[in-house]
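Me: Please take a close look at one pair of packed helices in this structure. I would like to know how the two are arranged and which residues form the contact.

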Amino acid sequence: MLGVLPLLGRLATKEAVIEQMKSVALIHFAAHGYAERGEIALCPVRTANDIPQEEEYLLTMADVSKVQLRAKLVVLSCCHSGCGEIKVEGVIGIARAFLGSGARSVLVARWALDDESTEQFINRFYQHLFRGEGASESLHEVRKWMRGELKKPKVYVKKALAFQQKIGDRKGESADYGKLGQFFQSLGGYEKAKEYTEKVLAIRKEIGDRYGEAADYGNLGTLFKSLGENEKAKEYAKKALAISKEIGDRKGEAAHYGNLGTLFHLPSEYKTAQEFIEKALAIRKEIGDRAGEATDYANLGTVFHSLSECAKAKELIEKALAIRKKIGDREGEARDYTSLGRLFHTLGEYDKADEYFLKALPICKGIGDNMNEFQIFCDLIVLKLALFNHKEAFRVLARSILVKMAGPAFRLSTGRNTSANVPQDTAENTVRWMDLHTQVIVYEGQLDMICGTVGAELWISKLQWDGMPEFLKASRKPLYAPSKLEKRETGAFLKSYKNFGLYYILNAGHMVPIDAPEMALEMIKNVLN
């Protein structure tokens with residue numbers, strides 16, 4: 001495509017690549033990148049007797065900084081090529097080194113790359129580039145195209161659905177509705193996913209598919225959990241459980257017991273959660289479901305952690321971790337390391353907590369699990385603040401923001417629909433910080449038309465926090481900006497209980513610091529004091 005002879009395989013040695021970089025207008029790397037700073041693995045010069053050292057094949061920041069480049073564009077089609085160390089001056093990584101050596105533009109990846117989608121992306125990018133479009137415009141066009149490709153499965157399934165309806169194939173129709181539900185669920189469209197899953201359920205009831213009916217009730221329970229409607233989630237999970245027991249589906253029975261166990265969050269419900277998960281565990285041991293067994297051990301560990309039985313919690317989570325290592329469940333392994341980190345944080349063993357969080361991070365990076373990587377960064381921030389290491393906390397915060405922005409699972413729920421549709425992980429993180437006695441503050445511009453106060457009040461009211469009943473009963477306290485204090489002109493209201501507070505900033509829209517700067521500063525002072 002580029003009309004040049006590329007350096008491939010054994011020809012792509014570090015020495016050869018550096019030499020070629022000096023005289024070309026476009027540099028393209030398709031290689032392995034290292035997660036920390038995006039450094040690029042090239043081909044070592046092999047001899048019969050020695051094992052190659054990293055410095056012989058790893059293209060580092062130092063190597064790039066020694067080269068004077070004339071390239072208009074550098075394409076780093078490598079995993080993590082946009083990563084680096086967060087410093088005051090920005091992200092210090094391999095991409096920064098190319099810019100510092102004279103490259104005008106660098107195209108990077110912030111996470112691990114999938115081979116097939118990367119090939120499609122790069123081919124399209126160069127097609128636009130060779131038409132005379134700039135690098136930024138080409139990138140914009142390819143991203144538009146890829147978003148369109150994401151919608152194609154929905155179009156195809158809808159066509160298939162229309163055909164099934166035409167020929168009267170009710171079973172096929174239910175399968176297509178199910179696919180549409182899964183599609184919307186994968187994009188975080190839980191309301192739409194619920195709508196299609198309910199259609200599947202209606203057909204399955206009509207045609208007498210009891211296995212499918214149980215699965216649909218279970219899926220609806222999961223969707224209601226994602227929407228923060230715990231009581232509804234429990235109702236549907238219990239219906240799924242009853243059908244699975246009736247038809248003798250032991251695997252389904254275990255799954256529904258386990259799901260029910262995760263829906264009881266209040267201290268008065270912990271014993272109920274324990275009972276359900278123990279029933280799931282017994283069945284999974286009986287039928288040899290090792291992955292399910294690990295899940296149940298981990299969930300039981302969380303329950304015992306909540307009951308402050310930390311020794312028992314540690315024992316259970318370690319059992320889960322051992323199974324997951326054995327069966328190769330990397331995502332589960334990362335979750336267990338994270339749970340152990342939180343457990344040691346509770347015990348005040350901060351070094352141990354840090355150690356386990358840092359074990360989980362590279363696994364999440366390696367498998368491209370941006371959402372859990374972000375949650376671990378949140379845990380690390382809380383840990384650093386507990387150690388009064390504010391500088392390190394802000395450094396971790398900067399890294400977490402980059403991960404959250406990069407993550408494909410990043411969703412923004414606005415107050416426009418006022419349906420309290422905040423992502424489940426956001427709600428769970430908020431409650432976890434509260435339970436760790438960290439001060440949690442939410443602020444809203446009174447005139448905000450993007451994230452309205454009604455929506456904020458709705459999702460806050462659904463948080464599974466012990467202090468929520470008292471918070472909801474608390475009265476609002478008026479606050480005044482210094483320049484308005486004498487006239488007692490209210491600038492904001494604060495509603496708070498213990499370590500949680502909600503600020504209503506008057507005469508401010510979405511951009512509170514711009515619309516009401518004096519009151520915003522007063523709020524920050526109030527929080528810090």
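Reply:

**Helix 13 against helix 14**

Helix 13 (residues 290-306) packs with helix 14 (residues 310-327) at an angle of about 160°, and their axes are 8 Å apart. Axes here are lines fitted to C-alpha atoms, for helices over the stretch in contact, with angles running from 0 to 180 degrees between N-to-C directions; helices are DSSP runs (H or I, at least four residues), numbered from the N terminus. Helix 13 is therefore roughly antiparallel to helix 14, a term for angles over 145 degrees. The crossing of the two helices is left-handed, that is, the near helix is turned anticlockwise from the far one by less than a right angle.

This is a predicted model, in which local features need pLDDT of at least 70 and side-chain atom pairs count only at pLDDT 80 or more, while totals for chains, interfaces and linings use all residues. Residues are numbered from 1 along each chain as its sequence is written, and side-chain values use heavy atoms, with hydrogens and water left out.

On the side of helix 13, the contact (heavy atoms within 4.5 Å) includes Arg290, Glu293, Tyr297, Leu300, Gly301 and Phe304. Helix 14 contributes, among others, Cys310, Lys312, Leu316, Ile317, Ile323, Arg324 and Ile327. The residues of this contact divide into 13 nonpolar, three polar and six charged. In this grouping, Ala, Val, Leu, Ile, Met, Phe, Trp, Tyr, Cys and Pro count as nonpolar, Asp, Glu, Lys and Arg as charged, and the others, Gly among them, as polar.

Note on methods: Angles under 35 degrees count as roughly parallel, over 145 as roughly antiparallel, 65 to 115 as roughly perpendicular and the rest as oblique.
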